[in-house]
Amino acid sequence: MHHLFIVMVIGGAIIWALTIGVLAYAGRTRPKPMSVRGASRLIVWGGVAFPVIVLFLLLSYAVWLMPQVRPWLPGAMDGTAEIEVTGEQFWWRILYLDQAGKPAFETANELHLPVGRRTTFRLKAADVIHSFWIPALGGKMDMIPGRDNTLSLEPTKAGIYRGPCAEFCGTSHALMAFSVVVMEEADYLAWRAARTQAPVAPQKTSGQELFFRHGCAACHAIAGTPAIGRIGPDLTAVGERQTLAAGTLSNTPDSMIRFIRDPASIKPGVKMPAFGMLPDGDIEAISAWLGGLK
Amino acid sequence: MKWLREIETFWTLFTAPTVWALHFLICYVAFAVFCAKQGALALSFDTVRLALGGVTVVALGVIVLSAWLAWRQWGFGTDDPPHDAPTDEDRRKFQGFATLLLAGLSFVAVLYVSVPLLFIGACQS
């Protein structure tokens, strides 16, 4: 795209200079009468043939540059990652796909992307219309139930960015966001490999035992444990995420405890029920265990 | 071919833009359907591309034919515009000249619409 910009700017500058040059020439010289034949020729070549050819060349160049339309060129689609993101009230289900387009692993509310590589997003919605938007990386795209929309982005700078939901989707629409961690390619590959490998069972603590006893696993999945619930966000490595509750709280033990105790007071309309009836000690133990998942 | 010259209709004027519109529709609808139903149709991408290339050649041929008829209606350029006298002959020549210009515009437009056919390689997944 960088080349497109340069070519268009230089091309536009040349045409501008030519036009202004002709204008200045016409204004300064004494007009001499032109033969009908000469004038017609000037109109046909300068007014028809020249713009038609220039526009044809520029159009061809712009179309030729689009990476998706010429994937047969070597390198055009190399290393392209594909990620399926589903908008749900009020969080993001994120499914990384392998090279063959099969599901590799799932996560939620946080994207990890390699810098300098184009990633294609397949965007879906589970309930109502949401909209996927990472303002720092590109335009937004609606997520519509029953439809697959496609968006492709190429981050050029490592860092952490925020992506909000950009289509009103319910009471907690303003509290539906995700973090985007753009990493150097080696870091990204290491992160991805760690996720794709056979999951290591987390250390057994009373928190884990309480997580299962109080039924958290009915809705949440954690790789390496028997928790395979798919109603709520996947909690694998939730301790390393930037935020909790889809970009709403900073990832601290206190936030985790607050959210488990009464999610609706933080995110109105959230599907997760309140667990305020549990003893404080149990909630703290569960939070400590979840916070340690990395 | 004498009957062609006797018919008084605006359709000669519209032929080339209509071909342009049809060509545009055929190209876009064909690829939209093909890409939406990739598995369901036993056609390869290049088959569709070649078929649309054929449609383009036919469209350009019809436009050239229309331009030639218009040129003839205009009297092969024997008389210069603006053809604004209130006579049958001027009306005919004006229509011929306008048709010729529209045919030129349509020819270029059909070429532009076909540019992606040269470069496109796959449906966006």
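**Close-ups of a predicted two-chain model**

**View 1. The loop around Phe90(A).** Phe90(A) sits in the loop between strand S1 (81-88) and strand S2 (91-97) of chain A. This is a predicted model, so keep that in mind for every view here. The thing to look for is the peptide bond from Gln89(A) to Phe90(A): it is cis, with omega near 0°. Most peptide bonds are trans.

**View 2. Ala237(A) and its backbone.** Zoom in on the loop between helix H4 (206-213) and strand S11 (243-244) of chain A, and you'll find Ala237(A). Ala237(A) isn't a glycine, yet its phi is positive, at about 55°. Most residues other than glycine have a negative phi. Is Ala237(A) buried or exposed? With a relative accessibility of 6%, Ala237(A) counts as buried, because the cut-off for buried is under 20%.

View 3. Chain A has 7 helices and 12 strands. The C-alpha atoms of chain A fill a box of roughly 100 × 40 × 30 Å along the principal axes. How does the radius of gyration of chain A stand against that of a compact globule, and what are the two values? Chain A has 28 Å, whereas a compact globule of 294 residues would be near 19 Å. As for burial, 40% of the 294 residues of chain A count as buried. On the charge side, chain A carries 27 positive and 23 negative side chains, with the centres of the two sets 15 Å apart.

View 4. Lys93(B) belongs to helix H4 (residues 88-119) of chain B. Which way does this lysine fall, buried or exposed? Lys93(B) counts as buried, at 8% relative accessibility. Setting aside neighbours within four places in sequence, the residues in contact with Lys93(B) are Gln73(B), Trp74(B), Thr78(B), Asp79(B) and His83(B).

**View 5. Phe24(B) and Ala109(B).** Phe24(B) is part of helix H2 (residues 11-36) of chain B. Phe24(B) is partly exposed, with a relative accessible area of 39%. How far apart in space are Phe24(B) and Ala109(B), C-alpha to C-alpha? The answer is 9.1 Å, although the two are 85 residues apart in sequence.

View 6. Chain B comes to 4 helices and 0 strands, and its elements run α-α-α-α from the N terminus on. Its radius of gyration is 19 Å, well over the 14 Å that the globule rule gives for 125 residues, so chain B is more spread out than a compact globule. The box filled by its C-alpha atoms is roughly 60 × 25 × 20 Å along the principal axes. Among contacts in chain B between residues at least 6 apart in sequence, 72% join residues at least 24 apart. Chain B exposes about 7,700 Å², and carbon and sulfur atoms supply 72% of that area.

Notes. Residues numbered from 1 in each chain as written. Chains lettered and ligands numbered in written order. Predicted model: local features only at pLDDT ≥ 70, side-chain atom pairs only at ≥ 80, totals over all residues. Heavy atoms only, no water. Helix = DSSP H or I, 4+ residues; strand = E, 2+ residues; numbered from the N terminus. Rg over C-alpha atoms; globule rule 2.2 N^0.38 Å. Contact = heavy atoms within 4.5 Å. Areas by Shrake-Rupley, 256 points an atom, 1.4 Å probe, with all protein chains shown as cover. Buried < 20%, exposed > 50% of the residue type's maximum accessible area, 1.4 Å probe, protein only. Lys, Arg positive; Asp, Glu negative; His and termini not counted. Charge placed at Lys NZ, Arg CZ, Asp CG, Glu CD.
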